[in-house]
Amino acid sequence: MKISSNFDSGNIEVVKAESPDDIRLRIRVDAGGEFFQWFHYRLSGAQGADCRMVIENAGEAAYLEGWNDYQACASYDRETWFRVDTEYDGKNLIINHSPQLDTVWFAYFAPYSRERHHDLIAKSQLHPRCQHVVLGETVDGEDMDLLVIGDEANEDALKIWAIARQHPGETMAEWWMEGYIARLLDDADPVARQLLQKAVFYVVPNMNPDGSRRGHLRTNAAGANLNREWQTPTLERSPEVYWVDREMREVGLDFCLDVHGDEGLPYNFIAGADAIPDCPERLITLRESFEEALVRSNPDFQREHGYPKKPAGQANMTMGSAHIQATHQALAMTLEMPFKDNANDPDFFQGWSPERSIKLGHACLDALYQIIDDLR
Ligand SMILES: [Zn+2]
């Protein structure tokens with residue numbers, strides 16, 4: 001029996017793995033020493049055995065509410081990720097599974113690999129409407145990829161931004177990107193066709209390549225939580241934000257979605273930036289219109305459950321959506337998807353899944369289509 005994690009986005013430390021019924025594991029802490037919750041490992045040579053895998057430091061993870069009613073993801077082929085019996089006793093996360101095959105992968109959520117990211121960029125650039133731009137480098141020296149979709153020669157075009165995976169463990173955000181991008185590049189899609197007559201789309205499918213590859217939950221290679229770096233990003237600590245923020249200022253911005261995953265809440269929801277200082281009433285109304293349109297477009301989205309509203313003027317201006325909304329006086333929102341499931345329409349086999357994240361990416365374009373004429 002062998003447990004390994006020395007691969008793209010792998011994260012686990014083996015304390016003990018001699019007997020299937022007493023496997024003891026720990027999650028490695030992100031650079032910066034503060035956060036951890038993402039895990040991703042491979043178990044081999046335990047076919048047919050009743051495996052009991054205890055993650056001993058789960059009780060010190062970043063979001064303990066994330067473990068309540070949580071079921072770990074597993075896969076034999078690394079394409080279909082299904083949920084397995086998991087319990088949390090207040091200290092340990094205990095994953096129980098009897099592998100049907102020699103090797104099985106486990107992860108906090110369906111992983112989205114760097115290879116798949118490169119495939120997404122390569123495939124997208126084949127479309128004549130899509131350009132690939134490298135904005136700069138990450139701390140580890142990876143490229144910061146931007147896709148530009150639409151006609152930049154159209155001077156009246158709105159500038160529609162979407163960024164994902166500032167928090168690298170929130171892989172559902174890059175699955176969402178697959179749906180969003182595929183629809184924009186679908187010549188037969190009437191909504192995409194109309195949107196592209198009015199707008200150019202600027203898309204950053206992965207804001208945190210280093211953290212993704214290193215198997216972090218929340219930080220980049222320098223230990224920075226990128227969604228707290230927008231006020232004063234630096235090339236040393238947060239080049240990923242520095243490059244994207246600079247490009248946003250250079251090309252302009254009329255709308256931005258910052259796509260995330262939430263550990264605790266089993267719902268899809270939006271956190272607005274209404275609490276920025278002197279937020280124009282117009283942007284609050286626009287946000288409400290977008291949310292209402294998204295509710296109509298995809299029943300997986302809802303407005304009942306979400307973060308508590310911050311008092312006016314009290315926004316955390318180091319966060320992406322607040323900084324962007326204030327800087328550009330344009331609608332910027334954080335979209336959250338669940339790690340667990342959509343409690344309004346649960347899927348007991350997969351829980352919240354890559355497939356449904358992709359569909360939500362599609363639907364956000366339907367919702368945008370409903371409000372696009374009001375953006376300026
Ligand atoms: Zn996040």
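**Cysteines, sheet and rings**

Analyst: C364 is buried, at a relative accessible area of 2% (buried means under 20%, exposed over 50%, partly exposed in between, with a 1.4 Å probe and protein chains only). The model is predicted, so local features need pLDDT of at least 70 and side-chain atom pairs count only at pLDDT 80 or more, while totals for chains, interfaces and linings use all residues. Residues are numbered from 1 along each chain as its sequence is written, and side-chain values use heavy atoms, with hydrogens and water left out.

How many disulfides does the structure hold? The count is 0 (a disulfide is a pair of cysteine sulfur atoms within 2.5 Å). For C364, the nearest cysteine sulfur belongs to C256 and is 12 Å away, and C364 is in no disulfide. C73 is another case: its closest cysteine sulfur, in C51, is 17 Å away, too far for a bond. C73 is also buried, at 3% relative accessibility.

An open sheet is built from 5 strands in the order 1-4-10-6-7, with antiparallel pairing (two strands pair if DSSP finds at least two bridges between them; strands are DSSP runs of E with at least two residues, numbered from the N terminus). Strand 1 (2-4) and strand 7 (82-84) are at the edges; each has a single partner strand, so one side of each is left without a neighbour in the sheet. On average, neighbouring strands of this sheet are turned by 30° against each other, direction ignored (the axes are lines fitted to C-alpha atoms). Strand 6 (residues 72-75) runs antiparallel to strand 7 and is joined to it by 3 bridges. In one of these pairings, A72 has V84 of strand 7 as its bridge partner.

Strand 2 (residues 13-16) and strand 3 (residues 23-26) also run antiparallel, again with 3 bridges. The two form a hairpin with 6 residues between them.

The rings come next. There are 18 aromatic pairs (rings of Phe, Tyr and Trp, the last by its six-membered ring, pair if their centres lie within 6.5 Å; planes under 30 degrees apart count as stacked, over 60 as edge-to-face and the rest as tilted). One of them joins F39 and Y41: the centres are 6.3 Å apart and the planes stand at 40°, so this pair is tilted. Both residues are buried, F39 at 0% relative accessible area and Y41 at 0%. W161 and Y202 make a stacked pair, because their planes stand at 20°, with the centres 5.1 Å apart. W161 lies in strand 13 (residues 158-164) and Y202 in strand 14 (residues 199-204), so this pair ties together parts 41 residues apart in sequence. W161 is buried at 0% relative accessibility, and Y202 is buried at 2%.

F39 and Y41 also belong to one aromatic cluster, along with W67, Y70, F106, Y108, F109 and F339.

Charges sit over other rings. The charged end of R78 sits over the ring of W105, at 5.6 Å from its centre (this requires NZ of Lys or CZ of Arg within 6 Å of the ring centre and within 35 degrees of the ring normal). Likewise, R218 has its charged end over the ring of F35, 5.3 Å from the centre.

Note on methods
Helix = DSSP H or I, 4+ residues; strand = E, 2+ residues; numbered from the N terminus. Axes fitted to C-alpha atoms, helices over the stretch in contact; angles between N-to-C directions.
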